[in-house]
Amino acid sequence: MKTFYITTPIYYINGKPSIGHAYTAIAADILARYHRMLGEEVMFQTGTDENSQKNVEAAKERDVKEYLDEMAALWERTFDSLGLTHNRFIRTTEVAHYNSVEKFWKTVESKGDIYLGSYEGLYCQGCEAFVNESDLVDDQCPHHKKVPKTIKENNYFFRLTKYRDDLLAYIDEHPDFIQPEARRNEVLSYVRNFMTDISISRETMNWGIPVPGDEKHRVYVWFDALINYLSGVGYVDDTTAFEKWWPANLHLVGKDIIKFHCALWPAMLMSAGLPLPKNVFAHGFFTIDGQKMSKSLGNTVDPVEMAEKYGNDVLRYFLFREIPFGGDGDFSEARLVGRYNTDLANELGNLVNRVLTMTEKYTNGTVPEVADGFLAGAWPSYHLALEENRLSDALDIVWGLIRQANQFIDQQQPWQLAKLEEKKMLNDTLYVLLETLRHIAWMLYPFMPTTAEKMFVQLGLETPKEFSQSFESAWVWGELKSGHKLAKGEPLFPRKE
Ligand SMILES: [Zn+2]
(Lines give C-alpha, C1' and ligand atoms only; values in the text may rest on other atoms or scores of the structure.)
Protein backbone atom coordinates (compact mmCIF):
# COMPACT_ATOMS: atom_id res chain seq x y z
CA MET A 1 0.00 0.00 0.00
CA LYS A 2 1.30 3.45 -0.90
CA THR A 3 2.05 5.61 2.14
CA PHE A 4 1.87 9.36 2.64
CA TYR A 5 3.49 11.09 5.61
CA ILE A 6 2.51 14.73 6.09
CA THR A 7 3.45 17.08 8.92
CA THR A 8 2.68 20.53 10.25
CA PRO A 9 5.28 22.45 12.21
CA ILE A 10 5.00 21.84 15.94
CA TYR A 11 3.60 24.84 17.75
CA TYR A 12 4.76 26.92 20.67
CA ILE A 13 1.98 26.69 23.21
CA ASN A 14 2.54 29.91 25.10
CA GLY A 15 -0.94 31.00 23.99
CA LYS A 16 -4.02 29.46 22.45
CA PRO A 17 -4.16 28.53 18.76
CA SER A 18 -4.89 31.38 16.37
CA ILE A 19 -6.38 31.21 12.93
CA GLY A 20 -2.80 31.21 11.55
CA HIS A 21 -1.95 27.98 13.38
CA ALA A 22 -5.26 26.43 12.37
CA TYR A 23 -4.56 27.40 8.74
CA THR A 24 -1.51 25.13 8.40
CA ALA A 25 -3.16 22.31 10.31
CA ILE A 26 -6.34 22.47 8.20
CA ALA A 27 -4.27 22.48 5.00
CA ALA A 28 -2.52 19.35 6.23
CA ASP A 29 -5.88 17.80 7.06
CA ILE A 30 -7.20 18.50 3.55
CA LEU A 31 -4.18 16.82 1.99
CA ALA A 32 -4.29 13.93 4.48
CA ARG A 33 -7.95 13.29 3.65
CA TYR A 34 -7.21 13.57 -0.05
CA HIS A 35 -4.46 10.95 0.13
CA ARG A 36 -6.69 8.63 2.19
CA MET A 37 -9.31 9.10 -0.50
CA LEU A 38 -6.73 7.85 -3.02
CA GLY A 39 -6.49 4.66 -0.99
CA GLU A 40 -3.09 5.50 0.51
CA GLU A 41 -2.10 4.85 4.09
CA VAL A 42 -1.61 8.27 5.68
CA MET A 43 0.37 9.47 8.67
CA PHE A 44 -0.64 13.02 9.56
CA GLN A 45 1.46 14.39 12.38
CA THR A 46 1.11 17.63 14.27
CA GLY A 47 2.03 18.57 17.82
CA THR A 48 3.61 20.96 20.26
CA ASP A 49 7.08 22.42 20.73
CA GLU A 50 7.51 22.40 24.46
CA ASN A 51 11.22 22.94 25.03
CA SER A 52 11.29 26.65 24.25
CA GLN A 53 12.21 29.20 26.87
CA LYS A 54 9.08 31.08 25.74
CA ASN A 55 6.94 28.39 27.32
CA VAL A 56 8.83 28.72 30.61
CA GLU A 57 8.12 32.43 30.65
CA ALA A 58 4.48 31.84 29.80
CA ALA A 59 4.16 29.41 32.72
CA LYS A 60 5.22 32.21 35.12
CA GLU A 61 5.27 30.89 38.69
CA ARG A 62 3.54 27.65 37.78
CA ASP A 63 5.19 24.30 37.41
CA VAL A 64 6.32 24.30 33.77
CA LYS A 65 5.37 20.71 32.97
CA GLU A 66 1.95 21.14 34.54
CA TYR A 67 1.41 24.28 32.49
CA LEU A 68 2.52 22.49 29.31
CA ASP A 69 0.22 19.52 29.96
CA GLU A 70 -2.69 21.88 30.26
CA MET A 71 -1.78 23.86 27.14
CA ALA A 72 -1.03 20.78 25.03
CA ALA A 73 -4.43 19.37 25.99
CA LEU A 74 -6.06 22.67 24.99
CA TRP A 75 -4.32 22.58 21.59
CA GLU A 76 -5.24 18.99 20.97
CA ARG A 77 -8.87 19.68 21.92
CA THR A 78 -8.92 22.63 19.58
CA PHE A 79 -7.59 20.57 16.69
CA ASP A 80 -10.14 17.85 17.45
CA SER A 81 -12.98 20.37 17.53
CA LEU A 82 -11.83 21.68 14.15
CA GLY A 83 -12.34 18.16 12.83
CA LEU A 84 -8.67 17.46 12.11
CA THR A 85 -7.75 13.84 11.46
CA HIS A 86 -4.14 13.77 12.67
CA ASN A 87 -2.96 10.29 13.63
CA ARG A 88 -0.13 11.54 15.81
CA PHE A 89 -0.02 14.50 18.15
CA ILE A 90 3.60 14.68 19.25
CA ARG A 91 4.86 16.61 22.26
CA THR A 92 8.57 17.32 22.46
CA THR A 93 8.53 16.58 26.20
CA GLU A 94 7.77 12.91 25.39
CA VAL A 95 10.42 10.39 26.41
CA ALA A 96 10.59 9.03 22.84
CA HIS A 97 11.44 12.50 21.59
CA TYR A 98 14.10 13.08 24.25
CA ASN A 99 15.69 9.76 23.31
CA SER A 100 15.48 10.60 19.60
CA VAL A 101 17.26 13.90 20.09
CA GLU A 102 19.97 12.18 22.09
CA LYS A 103 20.44 9.50 19.43
CA PHE A 104 20.45 12.09 16.65
CA TRP A 105 22.95 14.33 18.46
CA LYS A 106 25.34 11.43 19.07
CA THR A 107 25.10 10.33 15.43
CA VAL A 108 25.91 13.80 14.14
CA GLU A 109 28.66 14.21 16.75
CA SER A 110 30.25 10.91 15.64
CA LYS A 111 30.47 12.37 12.12
CA GLY A 112 32.60 15.18 13.50
CA ASP A 113 29.87 17.73 12.76
CA ILE A 114 29.56 19.19 16.24
CA TYR A 115 32.24 21.38 17.85
CA LEU A 116 32.51 23.68 20.86
CA GLY A 117 32.89 27.36 20.11
CA SER A 118 32.00 30.71 21.51
CA TYR A 119 29.42 32.99 20.14
CA GLU A 120 28.42 36.56 20.53
CA GLY A 121 25.38 37.77 18.70
CA LEU A 122 21.92 39.22 18.69
CA TYR A 123 19.22 36.81 19.77
CA CYS A 124 15.49 37.26 19.22
CA GLN A 125 13.54 35.29 21.78
CA GLY A 126 10.41 35.47 19.60
CA CYS A 127 12.20 33.78 16.70
CA GLU A 128 14.26 31.57 19.02
CA ALA A 129 17.14 32.38 16.70
CA PHE A 130 20.23 34.49 16.33
CA VAL A 131 19.51 37.36 13.97
CA ASN A 132 21.80 39.49 11.84
CA GLU A 133 21.94 43.23 12.21
CA SER A 134 20.91 43.43 8.55
CA ASP A 135 17.64 41.61 9.37
CA LEU A 136 16.54 44.33 11.81
CA VAL A 137 14.19 47.21 11.14
CA ASP A 138 14.71 50.19 13.48
CA ASP A 139 16.94 47.93 15.61
CA GLN A 140 13.98 45.58 16.10
CA CYS A 141 13.15 42.10 14.85
CA PRO A 142 10.62 42.78 12.09
CA HIS A 143 8.52 39.76 13.10
CA HIS A 144 8.37 40.43 16.82
CA LYS A 145 8.91 44.21 17.05
CA LYS A 146 11.42 43.70 19.83
CA VAL A 147 15.04 44.71 20.23
CA PRO A 148 17.03 41.45 20.28
CA LYS A 149 19.29 40.68 23.23
CA THR A 150 23.07 40.46 22.87
CA ILE A 151 24.18 37.00 23.95
CA LYS A 152 27.73 35.81 24.52
CA GLU A 153 28.09 32.12 25.28
CA ASN A 154 30.14 29.02 24.80
CA ASN A 155 28.00 26.88 22.56
CA TYR A 156 28.12 23.73 20.56
CA PHE A 157 28.06 24.38 16.84
CA PHE A 158 26.78 22.30 13.96
CA ARG A 159 28.99 22.33 10.85
CA LEU A 160 26.24 23.57 8.58
CA THR A 161 28.68 25.06 6.07
CA LYS A 162 30.20 21.63 5.46
CA TYR A 163 26.93 20.77 3.65
CA ARG A 164 26.71 23.90 1.50
CA ASP A 165 27.69 22.23 -1.77
CA ASP A 166 25.62 19.12 -1.10
CA LEU A 167 22.58 21.25 -0.29
CA LEU A 168 22.95 23.35 -3.42
CA ALA A 169 23.34 20.22 -5.54
CA TYR A 170 20.35 18.57 -3.91
CA ILE A 171 18.07 21.57 -4.35
CA ASP A 172 19.23 21.87 -7.93
CA GLU A 173 18.55 18.21 -8.71
CA HIS A 174 15.17 18.14 -6.93
CA PRO A 175 13.09 21.01 -8.27
CA ASP A 176 10.11 19.81 -6.19
CA PHE A 177 11.97 19.81 -2.89
CA ILE A 178 11.19 23.44 -1.98
CA GLN A 179 7.95 25.05 -3.08
CA PRO A 180 6.73 27.55 -4.10
CA GLU A 181 9.44 28.77 -6.48
CA ALA A 182 9.96 32.10 -4.65
CA ARG A 183 10.84 30.27 -1.44
CA ARG A 184 13.24 28.02 -3.33
CA ASN A 185 15.12 31.04 -4.62
CA GLU A 186 15.18 32.55 -1.15
CA VAL A 187 16.72 29.38 0.28
CA LEU A 188 19.26 29.12 -2.56
CA SER A 189 20.40 32.67 -1.94
CA TYR A 190 20.68 32.03 1.80
CA VAL A 191 22.64 28.80 1.37
CA ARG A 192 24.98 30.36 -1.21
CA ASN A 193 25.62 33.71 0.44
CA PHE A 194 24.68 33.86 4.11
CA MET A 195 24.70 30.43 5.69
CA THR A 196 27.14 29.98 8.57
CA ASP A 197 27.71 27.22 11.10
CA ILE A 198 24.95 27.37 13.63
CA SER A 199 24.99 27.27 17.40
CA ILE A 200 22.92 24.30 18.56
CA SER A 201 23.11 24.58 22.32
CA ARG A 202 22.41 27.17 25.02
CA GLU A 203 24.39 27.48 28.20
CA THR A 204 22.07 29.88 30.00
CA MET A 205 18.83 27.97 29.88
CA ASN A 206 17.34 25.74 32.51
CA TRP A 207 14.62 24.19 30.33
CA GLY A 208 14.96 21.85 27.39
CA ILE A 209 16.84 18.70 26.46
CA PRO A 210 20.31 18.39 28.04
CA VAL A 211 23.21 18.04 25.60
CA PRO A 212 24.36 14.40 25.70
CA GLY A 213 27.60 14.27 27.67
CA ASP A 214 27.55 17.93 28.73
CA GLU A 215 24.42 18.43 30.74
CA LYS A 216 24.96 22.07 31.64
CA HIS A 217 24.08 22.85 28.02
CA ARG A 218 20.59 22.49 26.60
CA VAL A 219 19.92 21.56 22.98
CA TYR A 220 18.89 24.57 20.87
CA VAL A 221 15.14 24.44 20.50
CA TRP A 222 15.14 24.39 16.67
CA PHE A 223 17.65 21.54 16.49
CA ASP A 224 15.43 19.68 18.94
CA ALA A 225 12.10 20.62 17.31
CA LEU A 226 13.01 19.50 13.78
CA ILE A 227 13.77 16.03 15.07
CA ASN A 228 10.07 15.64 16.00
CA TYR A 229 9.46 14.60 12.40
CA LEU A 230 11.58 11.52 13.09
CA SER A 231 10.65 10.77 16.69
CA GLY A 232 6.92 10.74 15.87
CA VAL A 233 7.36 7.79 13.51
CA GLY A 234 9.58 5.53 15.54
CA TYR A 235 13.14 6.79 14.93
CA VAL A 236 14.31 5.57 18.31
CA ASP A 237 11.78 2.92 19.29
CA ASP A 238 10.20 1.32 16.20
CA THR A 239 12.42 0.51 13.24
CA THR A 240 9.60 -1.02 11.19
CA ALA A 241 7.43 2.07 11.55
CA PHE A 242 10.38 4.33 10.84
CA GLU A 243 11.27 2.53 7.63
CA LYS A 244 7.66 2.63 6.57
CA TRP A 245 7.14 6.37 7.06
CA TRP A 246 10.49 8.10 6.63
CA PRO A 247 11.23 10.15 4.53
CA ALA A 248 8.18 12.35 4.92
CA ASN A 249 6.30 13.18 1.74
CA LEU A 250 5.44 16.70 2.78
CA HIS A 251 6.39 19.17 5.48
CA LEU A 252 3.94 22.08 5.47
CA VAL A 253 5.48 25.21 6.96
CA GLY A 254 4.93 28.95 7.16
CA LYS A 255 7.22 31.01 4.96
CA ASP A 256 9.00 32.49 8.01
CA ILE A 257 10.57 29.14 8.96
CA ILE A 258 11.72 28.05 5.53
CA LYS A 259 15.46 28.36 6.27
CA PHE A 260 15.19 25.99 9.22
CA HIS A 261 13.32 23.43 7.12
CA CYS A 262 15.19 23.78 3.84
CA ALA A 263 18.78 24.40 4.95
CA LEU A 264 19.35 23.35 8.56
CA TRP A 265 17.04 20.31 8.53
CA PRO A 266 18.30 18.72 5.29
CA ALA A 267 21.90 19.30 6.40
CA MET A 268 21.14 17.66 9.75
CA LEU A 269 19.65 14.68 7.91
CA MET A 270 22.63 14.46 5.55
CA SER A 271 24.93 14.41 8.54
CA ALA A 272 22.85 11.68 10.21
CA GLY A 273 22.83 9.66 6.97
CA LEU A 274 19.05 9.83 6.56
CA PRO A 275 17.06 10.55 3.38
CA LEU A 276 15.52 14.00 2.97
CA PRO A 277 11.79 14.80 2.95
CA LYS A 278 10.36 14.82 -0.55
CA ASN A 279 8.70 18.20 -0.41
CA VAL A 280 8.73 21.24 1.86
CA PHE A 281 5.89 23.57 1.00
CA ALA A 282 5.70 27.06 2.52
CA HIS A 283 2.41 28.89 2.74
CA GLY A 284 2.03 32.65 3.03
CA PHE A 285 0.58 34.83 5.75
CA PHE A 286 -2.67 36.61 5.91
CA THR A 287 -3.79 39.92 7.28
CA ILE A 288 -7.10 40.46 9.04
CA ASP A 289 -9.28 43.01 7.26
CA GLY A 290 -6.15 44.40 5.64
CA GLN A 291 -4.19 44.70 8.89
CA LYS A 292 -1.46 42.53 10.37
CA MET A 293 -2.95 40.21 12.96
CA SER A 294 -1.71 41.15 16.42
CA LYS A 295 -2.78 40.88 20.01
CA SER A 296 -2.21 44.61 20.55
CA LEU A 297 -4.52 45.52 17.65
CA GLY A 298 -7.10 43.17 19.11
CA ASN A 299 -7.85 41.74 15.67
CA THR A 300 -6.81 38.16 16.33
CA VAL A 301 -9.28 35.61 15.00
CA ASP A 302 -10.15 32.59 17.09
CA PRO A 303 -10.59 29.62 14.74
CA VAL A 304 -12.88 27.84 17.21
CA GLU A 305 -15.17 30.86 17.47
CA MET A 306 -15.30 31.09 13.65
CA ALA A 307 -16.00 27.38 13.32
CA GLU A 308 -18.74 27.53 15.96
CA LYS A 309 -20.35 30.47 14.21
CA TYR A 310 -20.19 29.20 10.63
CA GLY A 311 -19.22 25.53 10.83
CA ASN A 312 -15.88 23.86 10.18
CA ASP A 313 -16.63 23.26 6.53
CA VAL A 314 -17.41 26.91 5.83
CA LEU A 315 -14.22 28.05 7.54
CA ARG A 316 -12.17 25.47 5.61
CA TYR A 317 -13.82 26.45 2.35
CA PHE A 318 -13.27 30.14 2.86
CA LEU A 319 -9.60 29.85 3.90
CA PHE A 320 -8.63 27.73 0.93
CA ARG A 321 -10.83 29.33 -1.72
CA GLU A 322 -10.07 32.91 -0.80
CA ILE A 323 -6.32 32.70 -0.22
CA PRO A 324 -4.19 30.98 -2.86
CA PHE A 325 -2.20 28.40 -0.91
CA GLY A 326 1.45 29.43 -0.95
CA GLY A 327 0.68 33.13 -1.38
CA ASP A 328 -0.36 35.87 1.03
CA GLY A 329 -3.95 36.89 1.52
CA ASP A 330 -6.48 38.63 3.67
CA PHE A 331 -9.04 37.21 6.08
CA SER A 332 -12.27 39.10 6.43
CA GLU A 333 -15.37 37.86 8.15
CA ALA A 334 -17.52 40.03 5.86
CA ARG A 335 -16.06 38.27 2.81
CA LEU A 336 -16.54 34.91 4.49
CA VAL A 337 -20.25 35.71 4.83
CA GLY A 338 -20.26 36.96 1.22
CA ARG A 339 -18.76 33.72 -0.08
CA TYR A 340 -21.10 31.73 2.13
CA ASN A 341 -24.11 33.34 0.48
CA THR A 342 -22.86 33.29 -3.11
CA ASP A 343 -20.69 30.18 -3.43
CA LEU A 344 -22.27 27.95 -0.80
CA ALA A 345 -25.92 28.98 -0.46
CA ASN A 346 -26.62 30.18 -4.04
CA GLU A 347 -24.37 27.93 -6.06
CA LEU A 348 -23.73 24.64 -4.25
CA GLY A 349 -26.70 24.53 -1.84
CA ASN A 350 -29.14 25.65 -4.46
CA LEU A 351 -27.88 23.14 -6.99
CA VAL A 352 -28.28 20.22 -4.58
CA ASN A 353 -31.71 21.43 -3.54
CA ARG A 354 -32.97 22.00 -7.09
CA VAL A 355 -31.76 18.67 -8.41
CA LEU A 356 -33.21 16.66 -5.55
CA THR A 357 -36.52 18.54 -5.59
CA MET A 358 -36.90 17.94 -9.33
CA THR A 359 -36.02 14.28 -9.00
CA GLU A 360 -38.60 13.91 -6.25
CA LYS A 361 -41.18 15.63 -8.38
CA TYR A 362 -40.51 14.01 -11.75
CA THR A 363 -39.27 10.49 -10.91
CA ASN A 364 -40.51 9.98 -7.35
CA GLY A 365 -37.00 10.39 -5.97
CA THR A 366 -35.63 7.48 -8.03
CA VAL A 367 -32.46 7.60 -10.14
CA PRO A 368 -33.31 7.35 -13.87
CA GLU A 369 -31.37 5.35 -16.53
CA VAL A 370 -27.64 6.15 -16.91
CA ALA A 371 -26.93 8.95 -19.43
CA ASP A 372 -23.72 10.64 -20.64
CA GLY A 373 -22.47 13.64 -18.68
CA PHE A 374 -20.02 16.51 -18.86
CA LEU A 375 -17.37 15.65 -16.29
CA ALA A 376 -14.63 15.56 -18.97
CA GLY A 377 -11.27 16.66 -17.60
CA ALA A 378 -12.38 17.65 -14.12
CA TRP A 379 -10.83 14.72 -12.24
CA PRO A 380 -7.39 14.85 -13.89
CA SER A 381 -7.11 18.60 -13.27
CA TYR A 382 -8.37 18.17 -9.71
CA HIS A 383 -5.77 15.44 -8.98
CA LEU A 384 -2.98 17.47 -10.54
CA ALA A 385 -3.90 20.53 -8.49
CA LEU A 386 -3.81 18.56 -5.24
CA GLU A 387 -0.60 16.72 -6.14
CA GLU A 388 0.95 20.19 -6.50
CA ASN A 389 -0.63 21.54 -3.30
CA ARG A 390 -2.73 24.03 -5.30
CA LEU A 391 -5.68 23.85 -2.96
CA SER A 392 -7.59 26.87 -4.22
CA ASP A 393 -7.19 25.66 -7.82
CA ALA A 394 -8.78 22.34 -6.86
CA LEU A 395 -11.75 24.22 -5.40
CA ASP A 396 -11.97 26.36 -8.55
CA ILE A 397 -12.32 23.16 -10.56
CA VAL A 398 -15.13 21.93 -8.32
CA TRP A 399 -16.91 25.27 -8.59
CA GLY A 400 -16.51 25.14 -12.35
CA LEU A 401 -18.54 21.91 -12.28
CA ILE A 402 -21.13 23.38 -9.92
CA ARG A 403 -21.67 26.38 -12.22
CA GLN A 404 -21.79 24.14 -15.26
CA ALA A 405 -24.48 22.02 -13.59
CA ASN A 406 -26.53 25.09 -12.67
CA GLN A 407 -26.25 26.35 -16.26
CA PHE A 408 -27.27 22.93 -17.53
CA ILE A 409 -30.52 23.18 -15.53
CA ASP A 410 -31.25 26.64 -16.95
CA GLN A 411 -30.50 25.36 -20.45
CA GLN A 412 -32.48 22.12 -20.27
CA GLN A 413 -35.40 23.57 -18.29
CA PRO A 414 -36.57 20.24 -16.86
CA TRP A 415 -39.93 21.80 -15.89
CA GLN A 416 -40.55 22.52 -19.59
CA LEU A 417 -39.46 19.00 -20.54
CA ALA A 418 -41.97 17.68 -18.01
CA LYS A 419 -44.73 19.87 -19.42
CA LEU A 420 -43.91 18.73 -22.97
CA GLU A 421 -43.70 15.12 -21.77
CA GLU A 422 -40.18 14.79 -23.18
CA LYS A 423 -39.60 11.89 -20.79
CA LYS A 424 -36.29 10.58 -22.16
CA MET A 425 -34.68 14.01 -22.25
CA LEU A 426 -36.01 14.83 -18.78
CA ASN A 427 -34.65 11.58 -17.33
CA ASP A 428 -31.26 12.03 -19.01
CA THR A 429 -31.05 15.57 -17.66
CA LEU A 430 -31.83 14.44 -14.13
CA TYR A 431 -29.36 11.57 -14.33
CA VAL A 432 -26.53 13.83 -15.48
CA LEU A 433 -27.26 16.24 -12.64
CA LEU A 434 -27.47 13.56 -9.95
CA GLU A 435 -24.30 11.82 -11.08
CA THR A 436 -22.49 15.15 -11.29
CA LEU A 437 -23.54 15.85 -7.69
CA ARG A 438 -22.06 12.53 -6.63
CA HIS A 439 -18.72 13.44 -8.23
CA ILE A 440 -18.85 16.91 -6.68
CA ALA A 441 -19.41 15.33 -3.26
CA TRP A 442 -16.26 13.23 -3.68
CA MET A 443 -14.21 16.21 -4.80
CA LEU A 444 -15.46 18.23 -1.85
CA TYR A 445 -14.74 15.49 0.66
CA PRO A 446 -11.15 16.52 1.57
CA PHE A 447 -12.17 20.16 1.89
CA MET A 448 -15.68 19.95 3.35
CA PRO A 449 -16.11 16.47 4.81
CA THR A 450 -19.39 17.14 6.63
CA THR A 451 -20.99 18.71 3.56
CA ALA A 452 -19.81 15.83 1.39
CA GLU A 453 -21.29 13.31 3.81
CA LYS A 454 -24.62 15.16 3.83
CA MET A 455 -24.61 15.07 0.04
CA PHE A 456 -23.94 11.34 0.07
CA VAL A 457 -26.83 10.83 2.48
CA GLN A 458 -29.15 12.89 0.27
CA LEU A 459 -28.06 10.84 -2.73
CA GLY A 460 -28.97 7.75 -0.71
CA LEU A 461 -25.36 6.54 -0.67
CA GLU A 462 -23.07 5.35 2.06
CA THR A 463 -20.72 7.94 3.49
CA PRO A 464 -17.02 7.59 2.67
CA LYS A 465 -15.88 6.89 6.24
CA GLU A 466 -13.82 3.86 5.33
CA PHE A 467 -11.70 3.86 2.23
CA SER A 468 -10.86 0.76 0.31
CA GLN A 469 -8.80 0.02 -2.74
CA SER A 470 -11.92 -0.31 -4.85
CA PHE A 471 -12.36 3.34 -4.19
CA GLU A 472 -11.31 4.56 -7.62
CA SER A 473 -14.35 2.88 -9.15
CA ALA A 474 -16.40 5.49 -7.32
CA TRP A 475 -15.02 8.11 -9.69
CA VAL A 476 -16.16 6.36 -12.83
CA TRP A 477 -19.12 8.00 -14.55
CA GLY A 478 -22.31 5.98 -14.21
CA GLU A 479 -21.69 4.50 -10.74
CA LEU A 480 -24.98 5.99 -9.53
CA LYS A 481 -27.33 3.15 -10.38
CA SER A 482 -30.69 3.49 -12.02
CA GLY A 483 -33.61 2.72 -9.70
CA HIS A 484 -31.63 3.83 -6.64
CA LYS A 485 -33.70 5.80 -4.12
CA LEU A 486 -32.70 9.32 -2.95
CA ALA A 487 -33.22 10.80 0.51
CA LYS A 488 -33.70 14.55 0.11
CA GLY A 489 -32.86 16.46 3.29
CA GLU A 490 -32.62 19.98 4.67
CA PRO A 491 -30.93 22.72 2.57
CA LEU A 492 -27.13 22.48 3.06
CA PHE A 493 -26.50 26.20 3.45
CA PRO A 494 -29.45 28.35 4.56
CA ARG A 495 -28.73 32.01 3.72
CA LYS A 496 -27.01 34.15 6.37
CA GLU A 497 -27.14 37.89 6.94
ZN1 LIG B 1 11.87 37.69 16.11
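Mentor: The buried residues of helix 3 are covered by, among others, strand 2 (11-12), helix 1 (19-37), strand 3 (41-49), helix 2 (53-59) and strand 4 (88-91). Here contact means that the C-beta atoms of two residues, placed from the backbone, lie within 7 Å. Helices (H or I, at least four residues) and strands (E, at least two) are DSSP runs, numbered from the N terminus. The model is predicted: local features need pLDDT of at least 70, side-chain atom pairs count only at pLDDT 80 or more, and totals for chains, interfaces and linings use all residues. Residues are numbered from 1 along each chain as its sequence is written.

Helix 3 covers residues 64-81, 18 residues, and at 1.5 Å a residue it should span 26 Å; its end C-alpha atoms are 26 Å apart, so the two agree. The expected span is 1.5 Å times one less than the number of residues. Within helix 3, Leu68, Met71, Ala72, Trp75 and Phe79 are buried. Seen down the helix axis, the buried residues fall within an arc of 105°, so they line one face of helix 3. That arc is taken from the directions from the helix axis to the C-beta atoms. An α-helix has 3.6 residues a turn, so residues three or four places apart point the same way. On the other side of helix 3, Glu66, Glu70, Ala73, Arg77 and Asp80 are exposed. A residue is buried if 20 or more other C-beta atoms lie within 10 Å of its own, exposed if 12 or fewer, and partly exposed in between, with C-beta atoms placed from the backbone. Just past the end of helix 3, glycine 83 has a positive phi of about 80°.

Next comes helix 10. Leucine 264 is part of helix 10. Leucine 264 counts as buried because 22 other C-beta atoms lie within 10 Å. Setting aside neighbours within four places in sequence, leucine 264 contacts Leu160, Ile198, Trp222, Leu226 and Lys259. Valine 191 is 73 residues from leucine 264 along the chain, yet their C-alpha atoms are separated by 9.6 Å.

Helix 15 (residues 391-412) holds isoleucine 402. Isoleucine 402 is buried too, with 20 other C-beta atoms within 10 Å. Apart from residues up to four places away in sequence, isoleucine 402 touches Glu347, Leu348, Leu351 and Ile440. Valine 352 and isoleucine 402 are 50 residues apart in sequence and 9.5 Å apart in space, C-alpha to C-alpha.
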